[in-house]
Amino acid sequence: MEKEQQREKILNHPKPLSPNQRRAVLSDKQHIRIIAGAGAGKTETLTRRIVYHLIYEEIDPAAIVAFTFTDKAAEGMKSRIYDRLKDLGRDDLRARIGDLYVGTIHGYCFRLLTDYFNYGNYDVFDDNQERAFLSIVGKDLGLANTGNYIRNCKNFLETVKVVEGELISNEILLEKSPEFLEKLNLYKSKLKENKRLTYDRMVSLAVENLEEKPDSLKHIKYLLVDEYQDINRAQEKLIQLIGRNAGLFIVGDPRQTIYKWRGSDETCFEDFAEIY
C-alpha cells in the first residue's frame, strides 16, 4: 500500500497528470515514442518519468540520461526534477542530482569522451572558433589553391557537417570524392594535433568509440530524449548505442522540426517505430 501511495504522489503532485501523461510515465515498455506538440505538457511528463524512475523504481541517478536540445531546456528540467524531489521529501536524491545527466547530446558526448576514451586534455570549438581555426589551417588543406578562399572554407565546413552528421564512411568518400577525403583526413589531423573537438566531431567520435567498446555504458538503465525530431543520423546512432540495453523514451513532433537547416532529419522520428 505504501508503494502505491508513493506512486500516486508522484503522479499527482504538484498537480495531477492527464490520462495520457500518466500512461506515458507508467509504461513498462522498453522502447517508447511519444508524439507531443507544443503545450502538451511533454516537459512535465519527462520530469515525472525521471522522478518515477528515481523514487518508485529506485534507479540510481547515475543510471539515467536525459537529452534536451538546449542548455536552457536542460536547466529548466533539472530545476523541475529538483523541486519534485524536494516536495516529495527525497533530500537524499536531491543531494545526488549531479549524478543524473540532463543536458545536450554534445555535452554528453564530451563527458563520454573525456571520462572513458582519453580525451580529457581536449577543448571544444564552437562554430565561430571552428571557422576561425579553418581560416588558419585551410591553406594547408589546399583550400586557397583556386577560387575564393573564404567561400571555399565555408563550403568545406558545410560538407564536413554533412559527412559527420550522416556518418558517411571513408569508403564512400574514397569512391565519390577522394580529393575531399584527403582534405578531411588532414583537417582531422590538425584538430587532433591541437587537441580540439568540434560539435559534430564529438558525436561521430563517441559513436566510433562506443562501437569498439559497447560495454562502456552498460550501467545506463534509462535514456530519455526530448525533441527527437531535431536529431540527425549520427545522433540517432549514438542514441541506439547508449540505449542498446536500456529503456529508451523519446518525445517529439515531426511537424515541429526547426533545425533542418543544421542537418536534422525528421525521418529519424518516423524510423524509430520501424527500428523498435
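User: Which residues have the most contacts inside the largest nonpolar core?

Analyst: In this predicted model, they are F67, Y228, I239 and I242, and the core has 35 residues. A nonpolar core is a set of buried Ala, Val, Leu, Ile, Met, Phe, Trp, Tyr and Cys residues joined through side-chain atoms within 4.5 Å. The largest share, six residues, comes from α11. Another core, of 30 residues, lies apart from it and includes I10, L46, A66 and V102.

User: On what basis is the model read?

Analyst: Local features need pLDDT of at least 70 and side-chain atom pairs count only at pLDDT 80 or more, while totals for chains, interfaces and linings use all residues. Residues are numbered from 1 along each chain as its sequence is written, and side-chain values use heavy atoms, with hydrogens and water left out.

User: What is F67 in contact with, leaving aside its neighbours within four places in sequence?

Analyst: Contact means heavy atoms within 4.5 Å. On that basis F67 meets Y101, G103, T104, I105, Y108, L223, L224, V225, D226, I239 and I242.

User: Why does K190 count as buried?

Analyst: Buried means under 20% relative accessible area, exposed over 50%, and partly exposed in between, with a 1.4 Å probe and protein chains only. The relative accessibility of K190 is 16%, and therefore K190 counts as buried. K190 lies in helix α10 (residues 178–193). Not counting residues up to four places away in sequence, K190 touches F133, V137 and D140.

User: Is T198 buried or exposed, and what makes it so?

Analyst: T198 has a relative accessible area of 5%, so T198 is buried. T198 is found in the loop between β5 (196–197) and α11. Leaving aside neighbours within four places in sequence, T198 is in contact with F125, E130, Y187 and L191.

User: Why is α3 called oblique to α4?

Analyst: Helix α3 (residues 42–55) and helix α4 (residues 71–87) pack at an angle of about 50°, with their axes 10 Å apart. That angle makes α3 oblique to α4. Angles under 35 degrees count as roughly parallel, over 145 as roughly antiparallel, 65 to 115 as roughly perpendicular, and the rest as oblique.

User: Which kinds of residue make up the contact of α3 with α4?

Analyst: The residues of this contact divide into eight nonpolar, two polar and four charged. Among those in α3 are L46, I50 and V51, and among those in α4 are M77, I81 and L85. Asp, Glu, Lys and Arg count as charged; Ala, Val, Leu, Ile, Met, Phe, Trp, Tyr, Cys and Pro count as nonpolar; the others, Gly among them, count as polar.

Notes. Axes fitted to C-alpha atoms, helices over the stretch in contact; angles between N-to-C directions. Helix = DSSP H or I, 4+ residues; strand = E, 2+ residues; numbered from the N terminus.
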